Amino acid sequence: MKNIILRVTLYSLLFTVLGTAPSNSVTEARNDLGFRCSKSRSQSGLTSAQLRNMSNKNSLQVILDDNAQVEKVAGGFQFIEGPLWHPKGFLLFSDIPANTIYQWTANKKPEIFRRPSGNTNGNTLDREGRLLSAEHSNRRVSRTENDGTVVTLASQFEGKRLNSPNDLVVKSDGSIYFTDPPYGIQSEQEELGFYGVYRLAPDGKVTLLVKDFVRPNGIAFSPDETKLYVNDSQEGHIRVFDVKSDGTLENGQLFAELKDPNKQGVPDGMKVDLEGNVYSTGPGGIWVFSPSGNLLGTIEVPEVAANIAWGDEDYKTLYITASNSLYRIRLKIPGVQPGRKGSS
């Protein structure tokens, strides 16, 4: 199949200016990495999945069919993030500057799920299937109760306001792990003086796990929950930690680097499949690593990818939020369902 090459300019992952209404146009902004935002050029609904397989036997073809295609399913957003498949058969995702969470169902147009959303970024489910969100402008981790009420789970650490919770993952014991970079606030609003990774226990206690990240972002457990992966958007790498019996972390190591000066994008959203392979957004699309950190290949995406989520009934469809549009691609290996062991 002829490859469709689509040029895009990098849409900022980091918002310092947050809009309040959805729009088909993209508001230009600059973030603290100096990236410039711009609307991408026009694109078709389908594009070939471009594979960069490594010269080892564990190639991306174990995960992806040769004829697999990245399909565009919705567009016209400002900047979308936080995709989450709901067991009831629909996808939720955030449009951060539009201050909206959308709900998308196959063969239907996206509908507003919540507005305002607190400029929500990452979303996941807890053990009871309730929506958990990392809200930028409200600077909190929230939970949506079954009656629709939104409650605050964490907004402070040691009496100081969190920076801007970005992404989150739930462990099987009900604890919530989340990253807290400063992307949704101005520098003068910072109170902590560092950008950490935290554990929120079921009893509400917030524990700082790591504080030496530059811009912590995507976060995911290995399927057996013995490892926690956290990427750093500014450093361009993924770190892996051993998870101790008390839920704290130790033995942090460099897991993988995601750098390509010729392509746009940074490590952001991250997920793990049932075989333990790690998927992270990065330059050019989705980078896929084996559990040992070997790069299996990349799935190229027409726009700059921000986050990913497993979906559909078998959890073999990878949904991708990329700048202004929502994409998907079918894979061979399912991902772990949010709210269950090893999920995010």
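Me: Over which residues does pLDDT stay under 50?
Reply: pLDDT, the predictor's confidence in each residue from 0 to 100, stays under 50 over residues 1-58. For this stretch the model has 143 contacts beyond four places in sequence, where a contact means heavy atoms within 4.5 Å. Where pLDDT is low, the predicted coordinates should not be read in detail.

Me: And what is the average pLDDT of the protein?
Reply: The average is 85, and 82% of the residues score at least 70. This is a predicted model, in which local features need pLDDT of at least 70 and side-chain atom pairs count only at pLDDT 80 or more, whereas totals for chains, interfaces and linings use all residues. Residues are numbered from 1 along each chain as its sequence is written, and side-chain values use heavy atoms, with hydrogens and water left out.

Me: Turning to charges, how many salt bridges are there in the whole structure?
Reply: A search finds 14. A salt bridge here is a side-chain nitrogen of Lys or Arg within 4 Å of a carboxyl oxygen of Asp or Glu.

Me: Which residues are linked in a network of them?
Reply: The network links D126, E128, R130, R143 and E145. Within it, R130 and D126 meet through their side chains at 2.8 Å, N to O.

Me: Are R130 and D126 buried or exposed?
Reply: R130 counts as buried because its relative accessibility is 14%, and D126 is buried at 9%. Buried means under 20% relative accessible area, exposed over 50%, and partly exposed in between (1.4 Å probe, protein chains only).

Me: Which parts of the chain does the pair E225 and K171 link?
Reply: The side chains of E225 and K171 form a salt bridge at 3.9 Å, N to O. This pair links distant parts of the chain, 54 residues apart: E225 is in the loop between β17 (216-221) and β18 (227-232), and K171 is in the loop between β13 (168-170) and β14 (176-180). E225 counts as buried at 5% relative accessibility, as does K171 at 13%.

Me: What about K259 and E257, how far apart are they, N to O?
Reply: Their salt bridge spans 3.4 Å. K259 counts as exposed at 52%, while E257 is partly exposed at 46%.

Me: Next topic: in what order do the strands of the open sheet of 4 strands run?
Reply: The order is β7-β8-β9-β10, with antiparallel pairing. The edge strands, β7 (120-125) and β10 (150-154), each pair on one side only. Strands (E, at least two residues) and helices (H or I, at least four) are DSSP runs numbered from the N terminus, and two strands pair if DSSP finds at least two bridges between them.

Me: How many bridges join β8 and β9?
Reply: Strand β8 (residues 131-135) and strand β9 (residues 140-144) pair over 5 bridges in the antiparallel sense. L131 has T144 as its bridge partner in β9.

Me: Why is β15 described as largely enclosed?
Reply: Strand β15 (residues 196-200) is largely enclosed by the rest of the structure because 5 of its 5 residues are buried. Both faces are covered, with G196, Y198 and L200 buried on one side and V197 and R199 buried on the other.

Me: What stands opposite L200 in β16?
Reply: V206 does, and I176 stands opposite L200 as well. β15 runs antiparallel to β14, joined by 5 bridges, and antiparallel to strand β16 (residues 206-210), joined by 4 bridges. β15 and β16 form a hairpin with 5 residues between them, and G204 in the turn has a positive phi of about 95°.
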